[in-house]
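I am opening a notebook page on this chain and will write down what I look up, one entry at a time. The sequence and the structure come first.

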Amino acid sequence: MALRRSSRDEVGGLAQEVVDEITWYMREHKITRSDLAAAMGVSAGRVSQILSGDENLTLRTLGSVVDALGARLSFTLGDAEGSVRALHEPA
């Protein structure tokens, strides 16, 4: 029997994807965690917390990171593979 991923797993996966994109951007632009901390006005430890993947990123925190990086954030919302369209099913 296949296990379904819970919404908690989905949220955690999304947070990890965001962190992966941020760390990729930092690597590509040669931005260190110390650089990011200084630009955000926070400690290097706080940046490590944010980039740990365990942090529950708020939109405000995410916005601060993106702003400090001088980057732009965009996302696309689409149907997930194999998703159940519960909102479209007849009652």
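**Entry 1, burial and overall layout.** What percentage of the 91 residues of the chain count as buried? I looked this up before anything else, in what is a predicted model, and found that 19% of the residues count as buried. I then went through the elements and noted four helices and zero strands, which follow one another along the sequence in the pattern α-α-α-α. Turning to contacts with a separation of 6 or more, I noted that 54% of them join residues 24 or more positions apart.

**Entry 2, confidence.** I checked the pLDDT next, and recorded a mean of 83 for the chain, with 76% of its residues at 70 or more. Among the elements, α2 has the highest mean pLDDT, at 97, while α1 has the lowest, at 82. Over residues 1-8 the pLDDT stays under 50, and for this stretch the model has two contacts beyond four places in sequence.

Which residues touch the most other members of the largest nonpolar core? I listed Ile22, Met26, Leu36, Leu51, Val65 and Leu69, out of the 14 residues that this core holds. The elements that give two or more residues to this core are α1 (7-28), α2 (33-40), α3 (44-50) and α4 (59-69).

On the α2 side I found Leu36, Ala39 and Met40, which meet Ser64, Val65, Ala68 and Leu69 in α4. Sorted by class, the residues of this contact are six nonpolar, one polar and no charged.

Is Thr61 buried or exposed? I located Thr61 in helix α4 and noted that its relative accessible area is 16%, so Thr61 counts as buried, the limit being under 20%. Apart from its neighbours within four places in sequence, Thr61 is in contact with Arg46 and Ile50.

Key
Residues numbered from 1 in each chain as written. Predicted model: local features only at pLDDT ≥ 70, side-chain atom pairs only at ≥ 80, totals over all residues. Heavy atoms only, no water. Core = buried A, V, L, I, M, F, W, Y, C linked by side-chain atoms within 4.5 Å. Buried < 20%, exposed > 50% of the residue type's maximum accessible area, 1.4 Å probe, protein only. pLDDT = per-residue confidence, 0-100. Contact = heavy atoms within 4.5 Å. Nonpolar A, V, L, I, M, F, W, Y, C, P; charged D, E, K, R; others polar.
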